[in-house]
Amino acid sequence: NNIAKWDGTSWSALGSGTDAEVTALAVDGNGNLYAGGSFSSAGGVSANNVAKWDGTSWCAVGSGTDAEVTALAVDGNGSLYAGGSFSSAGGMSANNIAKWDGTSWSALGSGVDVGVTALALDNGGNVYALPAPNGLESPDCVAKWDGTTWSELFLGLTATITALAVDNSGQLYAGVYVYEDSDPFLSVTYIAKWDGVAWSGLDI
């Protein structure tokens, strides 16, 4: 039900799964799997939009969030970050992004004004969040949380950022779709790299 495991040879269920769709996954250093989505239960246990599978059974992650989770990431300390279209996590006000430390949920400052569709973490403790399209506007920046404040990493061109990733050295990469002359047939898809100061493009 909505989630499965491939062991290299065959598929298997994760208990009884979830009661609605799963849209995000992340694994911690202990092998625990976190699933996010728009469900209300996992393995028959009440779980609001986020749940943990320990290899044997499902459990809730606190009281979860009040709306869909669409992105998950785990840091080196095992803390879980969740992004989505919610306004609270664990009963606490949290605008579209929140952190679970294993015991409780907390907000990341004032959060992000629109939903979050992707998350990435670097080894310096920075959290990168990709805002969802806002009406007709496509996301042309990445929101960065340094543990204290939010800032925006703007591309500086007409484009849509579609994906985020951080490599082992802490380098941030973004998948980008660039519109040329407002003609989709003249568009360019490439990977952009953030060096801490500015973006540069790697054509693909």
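In the largest nonpolar core, which has 18 residues, Leu155, Ile161, Leu164, Leu172, Val176 and Trp199 touch the most other members. Such a core is a set of buried Ala, Val, Leu, Ile, Met, Phe, Trp, Tyr and Cys residues joined through side-chain atoms within 4.5 Å; buried means under 20% relative accessible area, with a 1.4 Å probe and protein chains only. Two or more residues each come from β15 (116-121), β16 (127-131), β19 (159-166), β20 (172-180) and β21 (183-194), and β20 gives the largest share, four residues. Strands here are DSSP runs (E, at least two residues), numbered from the N terminus. A second, separate core has 16 residues, among them Ala24, Ala82, Ala89 and Ala98.

Please keep in mind that this is a predicted model, in which local features need pLDDT of at least 70 and side-chain atom pairs pLDDT 80 or more, while totals for chains, interfaces and linings use all residues. Residues are numbered from 1 along each chain as its sequence is written, and side-chain values use heavy atoms, without hydrogens and water.

Ser41 lies in strand β5 (residues 41-42) and counts as buried because its relative accessibility is 17%. Beyond neighbours within four places in sequence, Ser41 is in contact (heavy atoms within 4.5 Å) with Gly17, Thr18, Asp19, Ser46 and Ala47.

Now to the strand pairs, where pairing takes at least two DSSP bridges:

| Strands | Sense | Bridges |
|---|---|---|
| β4 (residues 33-37) and β7 (residues 50-53) | antiparallel | four bridges |
| β7 and β8 (residues 58-60) | antiparallel | three bridges |

Gly36 has Val50 of β7 as its bridge partner, and Trp53 has Trp58 of β8. Four residues separate the strands in the β7 and β8 hairpin, where Gly55 takes a positive phi near 100 degrees.

Notes: Buried < 20%, exposed > 50% of the residue type's maximum accessible area, 1.4 Å probe, protein only.
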